[in-house]
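This report describes selected strands, helices and backbone features of a single model. The sequence and structure are shown first.

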Amino acid sequence: MLTKFQNHIDLNFPQLKDKKLFLAVSGGIDSMVLVHLCAQLQLNFEVLHCNFQLRGAESDADLQFVASYCQQQAITIHTQVFDTAAIAAQNKESIQVTARNLRYQWFQEIISLGFDYVLTAHHLDDSLETVLINFSRGTGLEGLTGIPAQNGNVIRPLLPFSRDEIENYALENKIQWREDSSNASDKYLRNKIRHSIIPLFKELNAGFLDSFQNTLNHLQQADSLVDDATKLVYEKVVTEKEDQLEINLAQLLKFQNYKAYLYQWLVPYSFSAWNDIYELVEAQSGKQVFSTTHVLLKDREKIILSERQEGNKELIFIIESKESKVNIPLNISFCNVSNQLESDSNCIFVDEDKITFPLTLRKWREGDYFYPSGMTGKKKISKYFKDEKYSLLDKENQWLLCTDDQIIWVIGKRADQRFLAQTNTLKTIQIALK
C-alpha cells in the first residue's frame, strides 16, 4: 500500500512534497494509517484533532491517545474541544451536520497559521457510502460522483484505497488505533448502509469495490462534461444584474433538456421543489418558488433569482438634518451646494425650503403617488412601476425618499418635480446615490 500511496501522491498531488500540511487525525484506523504513510514519505506535517464531546470519557480518551502518539513521534499537535450538542441545539441542526461544520470551520481558521493544505483520511468505502446515502435521498449527477479528492485546500489522499487495504496495512505495520463505539450502532443511516447494504453488494460481486471505482471514474468524467455544457448554455441564457440573475425563457426553451440546466444553475441556492421550478416556465407572471435563502419569480418572459428579503417592506429609516451620509439601507450623501446641475437618476438637487426634516426612507405602499420630473400631473407609484416594467422583486426592492410622507425621489429612478431646485432657489441640497 505504501508504494501505491507514493505513486498516487507523485501522480495526483506532487505539490504536497514541499508544502506545510495538517493531518486531521481522530485516532481511528483510517487517520492513524494516514499519519504513518505521510511519515514514511517524509512529508512536512502537523496533526489536528477535534474533540466533539459526544461520547463522554471515550472522546477524552481519543484525544489523549492521539496526543500521546504525537508526543512519542515528536509530531506537533493542535487540538480543539467543541460543545457540539449545545451548538447543534442552538442552531437547530443535526449533531452530524454541526460536527462536520465545526470541524471544517476550524480547519479553515487554523490553516492561516502558515500552512497550505489539510489532509483527511476519507477512503473508497466512505465515498461509496456517501453515494448510496445521496441516492437514497434523491440527487443529481453531482451526488453520485462520491467525495471529491480535493476541495480547495482540503485534500483526501486515501480515496483510492478500500477499508480492507487500510486494515491490512495497519495490521502489517502494527499500527495502533482507537475504535469509535458509535460506529457499531445502526442509529445513523451511514452505519446502516455500511453494515447491512454494502455487504450484500460485496456478496453479489466479489469485485464490487473495483467496479464501483470504475463507475465513479465514468460518472466524474460525465459530471465534468455537464459542467462544461452548463457554463456554455449559461452564457447564452442567463444575465447577471447586480444581486439578481435573469433567465431568458425564450433562449432557455431552445434547449430540449432545459430542466437539466435549470437544476444545475439553481441547486447551489438550496432549492428542493424542482417540479414547482420547472412549472415556472409556463406559469403566469408573479408566481414564485422559495428556498430557505432565495426566491425565484416568473416575470413575463424571464425567471428572476434573488435573495429573500422578508420583512423589508415595513422598514423605515430616519434621516436627520445634520446627517451628510447614510449607509443603510443605501449609500446616500447629502450636501448643500451653490451651483446646481441637472438632476439625473443617481443625483438630484432639491430646494431645502420645500422639504422638512427628518426625511424617511421606506418601501412603497398602496395609494402612493408622486409628480414625476419631466411629466405633467401626478402618477400612482403602482402605475409608474407598471409602465417601467418593474418585476415583483423590483417593486419590493425599490426605496423611496420622503418628506412628511410625500415622495421626493424614487431612488435611482425618478425625482418628484415639486421638490426640485429651480433657478430662484436660495438653498439647494444635492442628494446623491453612491
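## Strands S1 and S2

In this predicted model, strand S1 (residues 21-24) pairs with strand S2 (residues 45-51) in the parallel sense, over 4 bridges. Within this pairing, Phe22 has Glu46 in S2 as its bridge partner.

Strand S2 is mostly covered, with 7 of its 7 residues buried. Phe45, Val47, His49 and Asn51 point one way from S2, while Glu46, Leu48 and Cys50 point the other way; all are buried. In a regular strand, side chains alternate between the two faces of the sheet.

## The four-stranded sheet

Strands S13, S14, S22 and S15 form an open sheet of 4 strands in the order S13-S14-S22-S15, with antiparallel pairing. Strand S13 (325-326) and strand S15 (347-351) stand at the edges; each has a single partner strand, so one side of each is left without a neighbour in the sheet.

S15 and strand S22 (residues 428-433) run antiparallel and are joined by 5 bridges. Cys347 stands opposite Ala432 in S22.

Which residues form a nonpolar patch on the surface? They are Ile197, Phe201 and Leu204, which together have about 300 Å² of accessible area. Leu204 is placed in helix H8 (residues 189-204). Its relative accessible area is 74%, and Leu204 is therefore exposed, the cut-off being over 50%.

Helix H9 (residues 208-237) has 30 residues, which at 1.5 Å a residue should span 44 Å; the end C-alpha atoms are 42 Å apart, which agrees. The buried residues of H9 are Phe208, Leu209, Phe212, Leu216, Asp223, Thr230, Val233 and Val237. Their packing partners are helix H6 (124-137), H8, strand S7 (238-241), strand S8 (244-248), helix H10 (249-252) and helix H11 (258-266).

## Backbone features in loops

The peptide bond from Phe357 to Pro358 is cis, with omega near 0°. Pro358 is found in the loop between S15 and strand S16 (359-362).

Ser270, a residue other than glycine, has a positive phi near 70°. Ser270 belongs to the loop between H11 and helix H12 (274-279), and its relative accessible area of 41% makes it partly exposed. Arg300 is not a glycine either, yet has a positive phi of about 55°. The loop that holds Arg300 lies between strand S10 (294-299) and strand S11 (302-307). Arg300 counts as partly exposed, at 37% relative accessibility.

Conventions. Residues numbered from 1 in each chain as written. Predicted model: local features only at pLDDT ≥ 70, side-chain atom pairs only at ≥ 80, totals over all residues. Heavy atoms only, no water. Patch = residues over 30% accessible without salt bridge, like charges linked within 9 Å, V, L, I, M, F, W, Y side chains within 5 Å. Areas by Shrake-Rupley, 256 points an atom, 1.4 Å probe, with all protein chains shown as cover. Salt bridge = Lys/Arg side-chain N within 4 Å of Asp/Glu carboxyl O. Helix = DSSP H or I, 4+ residues; strand = E, 2+ residues; numbered from the N terminus. Buried < 20%, exposed > 50% of the residue type's maximum accessible area, 1.4 Å probe, protein only. Pairing = 2+ DSSP bridges. Expected span 1.5 Å × (residues − 1). Contact = heavy atoms within 4.5 Å.
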